[in-house]
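Please walk me through this model, from its local backbone details to its domains.

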Amino acid sequence: MSNCGEDGKEEELPANTLEHFTELAEVLEMIDNIKSIEVASFEREFEQYAQVLTRYQEQPHLLDPHLEVLLNKLLGKIRQPDLPEGERHAAFKYLYIISKVRTYKVLVKFMPHELSDLEFVLDLLGQQDPKEFAQWETRYILLLWMSILVLNPFHMSRLDAYETPATNSISNHIQSKTTKMERIYELIQVYVSTNDTCSSMAAYLAAKYFVRSDIKDLYLERFLDWIIGQHDANTVNVKFGQLAAVAAILKHGKREDLLPYADKLLQWITSCQYKDGNDFLKYKNYVKIIQRIGLVHLKPRIASWRYKRGTRSLATNLRQAAGAGGEATAAMESSLDEGEEILVPDAIEEVIEELLQALRSGGNDIRWSAAKGLGRVTNRLPKELADEVIGSVIDILNPLEPHEAWHGGCLALAELAKRGLLLPHRLEELVPLLMQALFYDEMKGYMSVGQHIRDSACYMCWAFARAYNPDDLKPFVHKISSGLLTVAVFDREVNCRRAASAAFQESVGRLGNFPFGIEISTTTDFYSVGIRQNSYLNISDYIAQFEVYREPLINHLVQRKVNHWDLTIRDLTAKALHKLSLKEPEYMAAVVLPQLLAKTDTIDINCRHGCVLAMGEITLALRNLEQKSENSVAYLSNQRIVELNELVQSFLDRNFYRGMSGELMKSCTTNFIKNCSLAKLKVTPECLVSWQKVIDSCLVTKTNSIRSSAVDAFAELCRSYYGSESRQSQDNEAIISAYLKGAENDLEEHIRMGYIAALGVLPDFMLRPHLPRVLDSLVKHSLTPLQAVLVGEMSGDRENIQAYRWSEARTESVKALTKVVKTVGYEGGSDSFSERGNFNKVVDCLLKALDEYTLDNRGDIGAWVREAAMSSLYEIVTECPPELLSSEHVHEIVVGFMQQAVEKIDRTRGLGGRLACQLVHHQPRIPHIRAHEKLLEIFPEDANAVLWLFADHTFPLFCELLACPDYSKRVLLGLSASIGQLTESLIKYASTALFQFLRSNPDTVPRLCSEIVEIFEENLLNERVTYPMLSFLDILIGSGTVESVLHDETHPFAEDIFRLLNLEVKGYKKLYKTATSISAYCQLLQVTRLSRRILSKLSVFLGLQHVHVRKTAATKLYEALALHGDVTEIPEDNIDEILTLLSETDWTMPLVEVRPLRNQLCHLMGIKAPVSGAAATALQQTNADK
């Protein structure tokens, strides 16, 4: 049974939790095989070693049982007298990694501290060069080792009596003739002055060395005087190690030993004026020294007047033991009686003043150090003086102080509370300040400050929970619990939400008197508050079920979050208020809505934006409740409805929709209109006019999100209000006519997009009377200008020439067309899509849209239109009555999907493949799909079984379609585009799948070759198809899969390709096309019957003006002749000479020098040298004269 329990326990551990040091043997082997740092493999092996140990950075205690073994191994190696210097440095590097993972304070306890090691370490340290960067780990570990060795119990002077004979290695820095005490002193002086990582370890060594009873009298004053002499107000290059050494000595030394130097040190450190500069590291050391001087001045004691909590047991707190508070008070009173008079030196006043100033510092670490120092010093003060200090800290928390002071003050108060120095009578004064700190958030330029203050305020709450009895905090429980929960769910920053959640859980556990604490603390855990949207919309909704927290949450959102500087927070606030309205509708209607309406008059655009968003959401929630209630409750009064009606018109009158701020107002107003329309709020005709006016202005804005929001608002507005009996039909007709006219705009793409999108969301009752006009407009704008002319949709004036690039507008039009089909449906007469003419017009338009390949500087933007068209076609085919589908349409749709599924863009290919698969397996079965049974075999029933975005998954499937004559031609068209383009991985997968099919199905090769010729001929001079086709032909012919057709004299494939290549590159005007065609020509050289004609063509390329073409032709011809020279009609004796001439000629030379060499090549190949058109004409004239 116990084993089962242990197994269950192991399973509950997090996946990244380690249980013990499993790599011990591996690490020991690495240590045994340490190489010198000069060896090439050292860096790789050291990296591997560091990687193993770094895994334990989060759980370093797992190394503890094995530290002694690891150290003995490494130090044993270091102690070897004949060890090469490089290996010793390597061992120290290995040792440093252990120190980094386990920390030096733990590691030093495991270091050996025999006296014999002192001389060894001292000599080794003396040999090091403090300025050599590469071996700093050696010096670091030696200084750490020395810090344990100097703690030996023997008088240091006695060690010199047993000094071993001096070795030959004499240090350049520390002379070995001096005593060990002096040598250590001088080493500390050297290394605290280095300003590198070793200086902090030298400071630690100084603290351990100078506090020895036999050293302090000889060297301590001398060392401190030396440091004081090194630093004054004019010192530029401050040695941080020296300051850290003073701080460390003050920390580890005995008070009576340090007291004689305290005043001198205080006078020195304050005169240095380190707090005035911007160097936080100096200031941090300054604060540490100041606070420790203060502690030296005061006797170590725990304040007898401090607050003592009666019990620390969580179980007792949760049971809320009745006598706990009384016992604590009695204990406090008895301890006060025992108080004795404390003498406080004058210097303490200066120390406290400096620490209070440090709480306002710009450095986070400095404020933190000052807060802890203030807590320690106050703990040793008498009650009256401590009360003054606490009062001074509280005074820091006022609106006139900067945000740094608030942060420092919160940290200091938390530290004082932890130590029991904040007596309960202060809570009355502190809790309101705590509430201010919990919600501190102020704009500073383009950023907000307050995150760190809110975090430290949560720390204060956590400290209060641990410090006070439940009875003492009882009067403030509601404020603190509400404040913490508000921060836990509504703070912008994740660390503040988590800090508040932790403080709330601590308070629930320690105090036990937070309302519904257990239920809430289990919901507001570390992970659930980590996601902001979850906190705002789900956790807040859960907490709002407890009435005591409902109003504080709502009030916080209304007062502090609707005007937040972050737009996302304002948006979430509105949604949260929607949910909270369902819990507290009366309060929302009576209190919150008037407040929000009043705030809309402000000049603060953030506040206005947030209020409008919130009012829309609250109105919707309240109206939903009214409609669901059985008692006909009216939450919105007539006055409130009138105010909501007039809101948008008041914005229009004050020109709030102009300028940069107008964009924000447009987005929130459209959201408001949408929510009011969904709520079916009672509105006046004037209100509808103002709403329509705003929507019209939003439809033509450049911002996509505003246009989209306006379209959604327009859709709801039409559905809710424009179908009423009181509405006149000419009003609706005027809107449609205006939008149709706007869709004709050819000056700006976004204007057309807005109007088209609005036409797409028109409701059924508005569309049917005007269906032909709307349909014609959307069809026209779904096609490119050229396509529209060809199908007869374009008439009248020509469009702006730039309109052919408006693929985004065409995408919007395709989507709008689909929405119109879905809205109108297939029921009715000529005003619906049961009319075959209307239906065919839509399908023909979408099939044409599948052929859009518009390019601009963004790439193939036509892909957006093709993807929208595919989605639309799939939706229409699967939802329309089967009798409307014709055989031609279904076939064109299926082959269109299949072509897109093998083209070059991953996203488009993935969509095409998925839709083709779903179409084949759709239930009920789609009629008229050719070779349906074969398709069912090829494509899996589950569309998710294939990774459609990955070429290696999709191309093998679609290449199977090449066996079906109905689909092979269009699939080949797509494959030619994929194989002939530039993406290496796509070429690899597409060509592999094609060639595998051709090798497996040789009987299909002649038919497929004929189809390739047809594709080439149909798309001649269409560079979108022919550019990749040239590369495709090179790869296809070079693969050897079509050899049977090439050498079949009865099949015209080779001759047709040669003819089409000649037509495509005729005139040689396009350099890229000409150069690409050379590879295809060279592949055809293997066809003996064409070799002379091809060689003649290539000889023309060798004499062209373009250097790139000449070089490419020479290179490719060399390769082709090397492979296929034996099957050409070139005399065998000339092949070697031709190859030599091709490879050794510099084809970049001037044309005058190149052409004679080209003519020589022609002579060797046995063909006529080409002549230019003018030369040929002159030659004919000469012959005629003769």
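**A walk through the model**

His 928 sits in the loop between H45 and H46. Helices here (H or I, at least four residues) and strands (E, at least two) are DSSP runs, numbered from the N terminus. The model is predicted: local features need pLDDT of at least 70, side-chain atom pairs count only at pLDDT 80 or more, and totals for chains, interfaces and linings use all residues. Residues are numbered from 1 along each chain as its sequence is written, and side-chain values use heavy atoms, with hydrogens and water left out.

Stay with His 928. Its phi is near 70°, a positive value in a residue other than glycine. His 928 is partly exposed, at 39% relative accessibility. Buried means under 20% relative accessible area, exposed means over 50%, and partly exposed lies in between (1.4 Å probe, protein chains only). Pro 924 is found in the loop between helix H45 (906-920) and H46. The peptide bond from Gln 923 to Pro 924 is cis, with omega near 0°. Lys 680 lies in the loop between H33 and H34.

Move on to the next loop. Leu 947 lies between helix H46 (932-938) and helix H47 (951-959). Together with Leu 949 and Phe 950, Leu 947 forms a nonpolar patch on the surface, with about 300 Å² of accessible area in total. Areas come from the Shrake-Rupley method with a 1.4 Å probe; for residues, only the protein chains shown count as cover. Patches are made of residues with over 30% relative accessible area and no salt bridge: like charges are joined within 9 Å, nonpolar side chains (Val, Leu, Ile, Met, Phe, Trp, Tyr) within 5 Å. Why can Leu 947 count as partly exposed? Because its relative accessible area is 43%.

An annotation covers residues 891-1073. UniProt places the feature "domain: Tubulin-folding cofactor D C-terminal" there, from an unreviewed entry. UniProt positions are given in the numbering used here, feature names are shortened, and annotations may be inferred rather than shown by experiment. The span 891-1073 is 67% helix and 0% strand, and its end C-alpha atoms lie 34 Å apart.

Now the charged pairs. How many salt bridges does a search of the whole structure find? The search finds 59 salt bridges. Each is a side-chain nitrogen of Lys or Arg within 4 Å of a carboxyl oxygen of Asp or Glu. Glu 415 pairs with Lys 418, with the closest N and O atoms 4.0 Å apart. Both residues lie in helix H20 (residues 403-418), three residues apart, about one turn of the helix. Glu 415 is buried at 2% relative accessible area, whereas Lys 418 is partly exposed at 45%.

Helix H33 (residues 659-678) holds another pair. Lys 666 forms a salt bridge with Glu 663, with the closest N and O atoms 3.7 Å apart. Lys 666 and Glu 663 are separated by about one helical turn because they are three residues apart in H33. Lys 666 counts as buried at 11% relative accessibility, and Glu 663 is partly exposed at 26%.

Glu 852 forms a salt bridge with Arg 810, with the closest N and O atoms 2.8 Å apart. This pair links distant parts of the chain, 42 residues apart: Glu 852 is in the loop between helix H42 (836-849) and strand E3 (855-856), and Arg 810 is in helix H41 (residues 807-824). Glu 852 is buried at 1% relative accessibility. Arg 810 is buried too, at 2%.

Turn to the cysteines. The whole structure has zero disulfides, a disulfide being a pair of cysteine sulfur atoms within 2.5 Å. Cys 1082 is in none; its nearest cysteine sulfur, in Cys 1162, is 14 Å away. That distance is too far for a bond. Cys 1082 is buried at 5% relative accessibility, and Cys 1162 is buried at 0%. Cys 698 lies in helix H34 (residues 685-699) and is buried, with a relative accessible area of 0%.

Last, the overall layout. The chain is divided into domain 1 (23-154), domain 2 (562-704) and domain 3 (1067-1185). These bounds come from an automatic or database domain assignment. The centres of domain 2 and domain 3, taken over C-alpha atoms, are 77 Å apart.
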